[in-house]
Amino acid sequence: MAPVGPRSGDAIFSSIDRVNAELFTLTYGAIVRQLLTDLEEVEEVNKQLDQMGYNIGIRLIDEFLAKSGVSRCVDFKETAEMIAKVGFKMFLGVTASVTSWDADGTCCSIILEDNPLVDFVELPDTCQGLYYCNILSGVIRGALEMVSMKTEVTWTRDVLRGDDAYELQVKLLKQVAEEYPYKDDE
Amino acid sequence: MVFDGRFYANKPELAARRIEAIGYQVGHQLSERYTMERPRFSDHLEAIKFICKDFWSEVFKKQIDNLKTNHRGTFVLQDNKFRWLSRVSIDPSSENETEDPSTPGESKAAQAVSMYLYFPCGIIRGVLSNLGIPCAVSADISSLPTCSFVIRVKA
């Protein structure tokens with residue numbers, strides 16, 4: 001049964017199969033550890049996590065659209081709300097809020113109230129400069145690229161680095177007009 | 001060090017080792033969580049049964065369907081519908097150009113699927129080694145989505 005109209009993040013979250021949370025968190029942690037071992041450079045690890053996230057995002061958007069029944073957003077404001085209220089709830093079971101809009105509505109902050117990726121995590125001093133959750137910014141960037149939005153996603157606050165919240169700044173760089181793969185007259 | 005954007009993409013054996021190591025780490029940590037409340041296992045079979053029942057239920061929300069052993073340190077755990085392969089299908093067009101299904105030899109697609117199994121093999125090895133049982137774990141997928149994990153305990 002296809003859902004009719006948009007569904008709330010809560011409704012989707014409670015209706016789909018979920019993976020064991022400890023497995024999810026520990027697997028992510030083990031991946032980060034392995035990358036640190038292999039790449040040795042924290043900057044490289046940040047880059048690799050972002051790239052992995054991007055690869056996930058470009059696939060995840062399909063599942064998001066299929067299960068949420070969300071149709072095209074009217075503006076970037078609505079897009080950001082969708083990510084925070086439906087996306088984060090659906091895939092991570094957490095709610096996020098959107099704040100700090102700039103004047104022309106192309107840049108905002110998404111604040112995570114809770115972050116399942118960081119359960120059981122402490123960063124040692126050797127990981128200075130690591131953005132532990134960098135996969136998330138990649139996911140958002142990849143997913144939005146698939147719906148014609150080029151964005152830049154950066155961490156502005158990170159609890160693991162001593163801040164009081166997890167905050168992602170999402171900046172809309174440009175809307176890419178869709179190109180259809182077929183000609184009108186065919 | 002320069003990576004061409006994709007880590008070990010063309011070095012499957014290196015990638016496989018990394019993935020197995022990640023699984024090992026996860027299994028190691030999960031085993032501590034799921035054995036906290038129980039008494040020490042009396043023998044290898046007890047530990048393997050724990051993996052088949054409780055551990056598999058926690059991680060995959062079902063139990064292992066079939067356990068075989070030769071009582072000499074080899075155990076075969078069969079999951080008839082292994083969750084992580086339940087969305088995987090092998091594209092027939094990518095199969096070798098042989099019409100005879102009895103031909104041995106792995107197709108490219110089957111090799112790709114076997115890459116997916118290093119992670120769960122690592123998990124199993126991580127759990128057992130944390131329970132004091134050093135072993136080697138391999139997987140066999142002769143008919144999707146059935147999957148068998150072969151555990152060989154090191155003497």
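I worked from a predicted model, in which local features need pLDDT of at least 70, side-chain atom pairs count only at pLDDT 80 or more, and totals for chains, interfaces and linings use all residues. Residues are numbered from 1 along each chain as its sequence is written, chains are lettered from A in the order in which they are written, and side-chain values use heavy atoms, without hydrogens and water.

**Interface.** I found 19 residues of chain A in contact with 21 residues of chain B (heavy atoms within 4.5 Å). I noted that A:Leu23, A:Leu26 and A:Asp38 supply 31% of the area that chain A buries against chain B, more than any other three residues (accessible area, 1.4 Å probe, lost on putting the two parts together, summed over both).

I looked up the salt bridges between the chains and found three (a side-chain nitrogen of Lys or Arg within 4 Å of a carboxyl oxygen of Asp or Glu). B:Arg33 and A:Glu22 form a salt bridge at 3.3 Å, N to O. H2(A) gives 11 residues, the largest share of the side of chain A that touches chain B (helices are DSSP runs of H or I, at least four residues, numbered from the N terminus).

**Helix H3(B).** I checked residues 108–115 of chain B and found B:Ala109, B:Ala110 and B:Val113 buried (under 20% relative accessible area, 1.4 Å probe, protein chains only). Down the axis of H3(B), these fall within an arc of 100 degrees, so they line one face of the helix (the arc takes directions from the helix axis to the C-beta atoms).

Notes
Buried < 20%, exposed > 50% of the residue type's maximum accessible area, 1.4 Å probe, protein only. Helix = DSSP H or I, 4+ residues; strand = E, 2+ residues; numbered from the N terminus.
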